[in-house]
Amino acid sequence: MFDAAFTALQVVISPEHFGFLFLGVAVGLFIGILPGLGGMVGMALLMPLTYGMDPVSGVAMLIGLGSVITTSDTFPSVLMGIPGSSGSQATIMDGYPLAQKGEGARVLSAAFLCSMLGGLIGALVLSLILPFAVPIVLALGTPELLMLTFLGLGMVSVLSGKNPVLGLLSTALGLALGSFGTAPTSAIYRYNLGTDYLLDGFKLTSVAIGLFAIPEFVAILSRGGAITSEKRDLGEGWMQGIRDVVRHKYLVIRHALIGSMIGFIPGLGNAIIDWVNYGVVIRFAKDKSQFGKGDIRGVIAPESANNAKEGGALIPTVLFGIPGSGSMALLLAALIIMGVEPGPDLILTRADLVYVMVWSIAIANVLGASIAFLLSGPISKLAVVPFYKIMPFILILVTMGAFQATRHIGDLFTLLLFGIVGWVMRQTGIPRAPLLIGFVLSTLVERYLWQVTSRYQFEWLTRPGVIVIGVIIVIVVGFSLFGREHESD
Amino acid sequence: MTEDLNKKVLLVFLGLLALFFVILFLAAADFMPDARLYPVVMSITGFVLALASVIRVLSGKEPTHEHNLIKVEVKSDARQDDAPADRSNREYRSALFYLAIICFFYVAIWLLGFRVATLVFVSGFMRYNKQSLVSCAVYAGLSLLLVEALSRLLGLVLPAGFWHLLF
């Protein structure tokens with residue numbers, strides 16, 4: 001393991017791979033600044049570039065992107081009171097009032113520093129867990145893996161929205177759409193509608209971009225086009241922000257650890273992590289009087305946690321091949337595109353790649369925070385550029401990218417179809433992440449299902465591991481379905 | 001008003017999903033046994049969930065407002081003195097309009113090819129957003145530059161369209 005970690009570091013800092021990591025960080029910072037666009041759009045933007053790329057470069061680029069979005073999203077949150085992404089909503093509560101008092105620079109420096117430290121702690125947590133992972137992975141058989149996949153899908157379904165039934169429906173839709181094309185268990189073409197294009201099913205790039213990028217473009221434009229014309233001075237207090245973080249160092253560690261742990265749970269996204277940490281810091285604070293009016297601890301806690309989440313979120317993704325969020329699903333999809341089979345074998349066969357992920361998180365967080373510190377002036381100006389001036393270029397980029405999946409016009413019509421479906425889902429409150437995760441995992445679920453039914457018939461249901469995981473699924477899904485109903489009653 | 005509209009849209013969407021799952025189930029009957037199990041299980045599950053969702057919406061248990069979203073408070077040039085319902089309806093119409101523009105862009109790519117469609121789309125979009133003709137030309141030029149640079153740099157293939165077949 002140590003050798004793999006050291007080799008991975010050497011690979012990541014080589015000029016070629018570092019260049020791709022830097023590209024991912026730059027795009028991530030840019031996407032984070034634009035209010036309304038999150039990690040999914042960023043991943044969708046860069047994913048097409050991974051066709052034909054070597055896995056190390058691709059992984060470094062995508063992880064670099066995902067790691068720093070929650071660093072730069074602080075700009076609009078603090079300076080304009082608008083969340084740059086879902087991971088910076090709670091930062092507004094105290095960051096914006098402080099910026100209004102002329103202490104924007106203090107908030108930003110504190111936020112960047114604890115984002116970086118949070119990211120590093122998240123990477124450390126991931127690296128500490130990996131050595132213990134191998135025996136766990138080896139102990140799991142296909143029936144347990146199938147049940148773990150169902151557990152991940154169930155948690156994503158019921159936790160990623162307010163309506164668990166709609167979440168489950170969204171997952172079922174994703175799993176069903178994944179059955180288009182060649183069956184993984186036999187050479188049978190299913191639901192290809194008589195077209196060559198669908199012989200391999202819908203292409204993931206088009207599905208992901210359609211579901212997440214197009215609806216966000218439409219929603220932002222339809223709300224008025226411009227994000228805001230209000231410009232706020234960065235104010236003063238760069239050094240004070242750093243001193244604040246040093247003074248509250250235990251707060252940073254505590255919330256980074258909470259962020260990593262919550263990140264591990266599939267379905268709990270940035271928004272929840274942000275608010276949970278904000279709630280915790282208030283709960284345990286002796287003096288609560290300044291929260292909501294401009295208390296720096298209200299910035300430090302969520303900012304430490306949301307960057308640490310990435311490390312935690314990679315644990316189920318890497319160890320079991322179960323992505324806990326839409327962006328992790330895209331990372332898995334990118335691995336498939338680059339010829340790497342995600343799943344439990346990854347840690348056994350490609351430990352170097354897993355450590356590339358760890359190093360990428362760590363380096364990306366340092367890079368992202370440094371760039372945000374150094375270029376805070378020009379970067380903050382980007383947030384006030386009207387969206388209609390940026391949107392055509394991003395749309396062109398994602399369209400070009402989507403077309404590279406098969407270079408068939410069907411890619412664009414798939415993109416359009418899922419764009420419309422995604423917009424309807426967004427409007428009507430049906431969570432979209434479960435659809436994408438179901439779609440990505442559909443082949444794996446079908447293969448596992450076929451293996452266990454053909455090898456064990458129904459006997460696999462009596463295995464202790466299967467029963468334990470089954471009970472957990474029933475509790476999690478049942479509580480969400482009936483507990484929430486009881487709450488609303 | 002928008003809540004009602006969302007509810008209607010949700011019901012129509014759920015109805016279409018239920019129909020979709022029925023079709024998947026019926027089509028799966030023709031597959032070989034090895035390839036049939038998974039789509040059958042998924043289509044039945046999906047159909048049951050779609051039906052359950054319809055019942056919950058009709059019984060008022062399913063809230064139909066937007067959720068899980070980043071609420072971007074736009075400080076725009078749009079009229080702010082309208083009632084919230086009027087503003088929401090205008091946003092709905094506006095969203096449909098922008099979706100139509102994106103549809104137009106993709107149909108244009110199919111018919112005219114990527115480069116020509118990009119020029120038409122960007123200049124038209126900027127003109128719609130009240131930019132001067134010079135600005136429109138600049139944006140269109142920049143977008144074409146971006147397309148050319150990326151396609152040459154990364155060796156990307158782009159749709160050529162049908163129009164060149166005429167010459």
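The contact between the two chains draws 64 residues from chain A and 63 residues from chain B, where two residues are in contact if their C-beta atoms, placed from the backbone, lie within 7 Å. This is a predicted model, in which local features need pLDDT of at least 70 and side-chain atom pairs count only at pLDDT 80 or more, while totals for chains, interfaces and linings use all residues. Residues are numbered from 1 along each chain as its sequence is written, and chains are lettered from A and ligands numbered from 1 in the order in which they are written.

On the side of chain A that touches chain B, the elements giving two or more residues are helix 9 (164–177), helix 10 (204–222), helix 19 (387–403), helix 20 (409–428) and helix 21 (433–456) of chain A. Helices (H or I, at least four residues) and strands (E, at least two) are DSSP runs, numbered from the N terminus. Helix 20 of chain A gives the most to this side, with 11 residues. By class, the side of chain A that touches chain B comprises 37 nonpolar, 20 polar and seven charged residues; Ala, Val, Leu, Ile, Met, Phe, Trp, Tyr, Cys and Pro count as nonpolar, Asp, Glu, Lys and Arg as charged, and the others, Gly among them, as polar.

The largest nonpolar core has 209 residues. Such a core is a set of buried Ala, Val, Leu, Ile, Met, Phe, Trp, Tyr and Cys residues joined through C-beta atoms within 7 Å, and a residue is buried if 20 or more other C-beta atoms lie within 10 Å of its own. Helix 7 (residues 104–139) of chain A gives the most to this core, with 17 residues. Among the residues with the most contacts inside the core are A44(A) and A208(A). Residues up to four places away in sequence aside, A44(A) touches A208(A), I209(A), F212(A), A213(A), L330(A) and V398(A).

Chain B contains five helices and zero strands, and its elements run α-α-α-α-α from the N terminus on. Of the 167 residues of chain B, 27% count as buried. Among contacts in chain B between residues at least 6 apart in sequence, 61% join residues at least 24 apart.

Notes. Buried ≥ 20, exposed ≤ 12 C-beta atoms within 10 Å, placed from the backbone.
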